[in-house]
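Visitor: I am new to protein models. Could you show me how to read one, step by step?

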Amino acid sequence: MFTREAATERLIEAKRDRGVTYDAIAEAVGRDEVWVAAAMLGETSMSQEEAEHLVKFLEPDDPEAVAKALQRPPTKGEEDPTIPSDPMLYRLYEIPQVYGEAIKAVVHEEFGDGIMSAIDFECRVDRVEADDGDRVRITYEGKFLPYRKW
């Protein structure tokens, strides 16, 4: 069986060969760039239509097998549970380590006892121009789910 990992490998290679951005791919697929990147990297599944648009745009080797692999539900978060050493990923892990308890306290104060959904969720990455160097804005937006009592 053609694996999700093989599909990811072919898609990343095709993206590099075509010299296109995730934003351009997202436009072809009709979804957000972060969501499309997650699908290409094996963290979410695509519909048949989304997968077909993606392989038509990127033209990876064995497009039929890649499209089918993209439609299978992935096993999410299969990464090594240790904090990554890649500087960008490390800093993303650092944010909840430093600010996680404070963010949790503010969310509970504002919404009550519950969680932010990672299922009913959106994420955006934006460039914010600044005189002292451009900044990265990452917006997480998830549905609030209160804990229920029974």
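**Reading the chain**

Guide: Start with the elements. This is a predicted model. Its chain holds six helices and two strands.

Visitor: What pattern does the chain follow along the sequence?

Guide: Reading along the sequence gives α-α-α-α-α-α-β-β.

Visitor: What box do the C-alpha atoms fill?

Guide: Take it along the principal axes. The box is roughly 50 × 50 × 30 Å.

Visitor: How many of the residues count as buried?

Guide: Buried means under 20% relative accessible area. By that cut-off, 23% of the 150 residues are buried. The accessible surface of the chain is about 11300 Å². Carbon and sulfur atoms account for 52% of that surface.

Visitor: What share of contacts joins residues at least 24 apart?

Guide: Count contacts between residues at least 6 apart in sequence. Of these, 57% join residues at least 24 apart.

Visitor: How do I look for empty space?

Guide: Roll a probe the size of a water molecule over the atoms, and it shows where empty space is left. Here, the largest pocket has a volume of about 2600 Å³. Its lining has 47 residues. Closest to the centre are Val34, Ala38, Phe121, Cys123 and Tyr140.

Visitor: Which elements give two or more residues to that lining?

Guide: Helices H1 (4-18), H3 (33-40) and H6 (87-111) do, along with strands E1 (114-128) and E2 (135-146). H6 gives the most, with eleven residues.

Terms used:
Residues numbered from 1 in each chain as written. Predicted model: local features only at pLDDT ≥ 70, side-chain atom pairs only at ≥ 80, totals over all residues. Heavy atoms only, no water. Helix = DSSP H or I, 4+ residues; strand = E, 2+ residues; numbered from the N terminus. Buried < 20%, exposed > 50% of the residue type's maximum accessible area, 1.4 Å probe, protein only. Contact = heavy atoms within 4.5 Å. Areas by Shrake-Rupley, 256 points an atom, 1.4 Å probe, with all protein chains shown as cover. 1 Å grid on protein atoms, 1.4 Å probe; cavity = no way out; pocket = protein on both sides within 12 Å on 5 of 7 lines; lining within 4 Å. Points joined across faces, edges and corners; volume = space filled by probe spheres on them.
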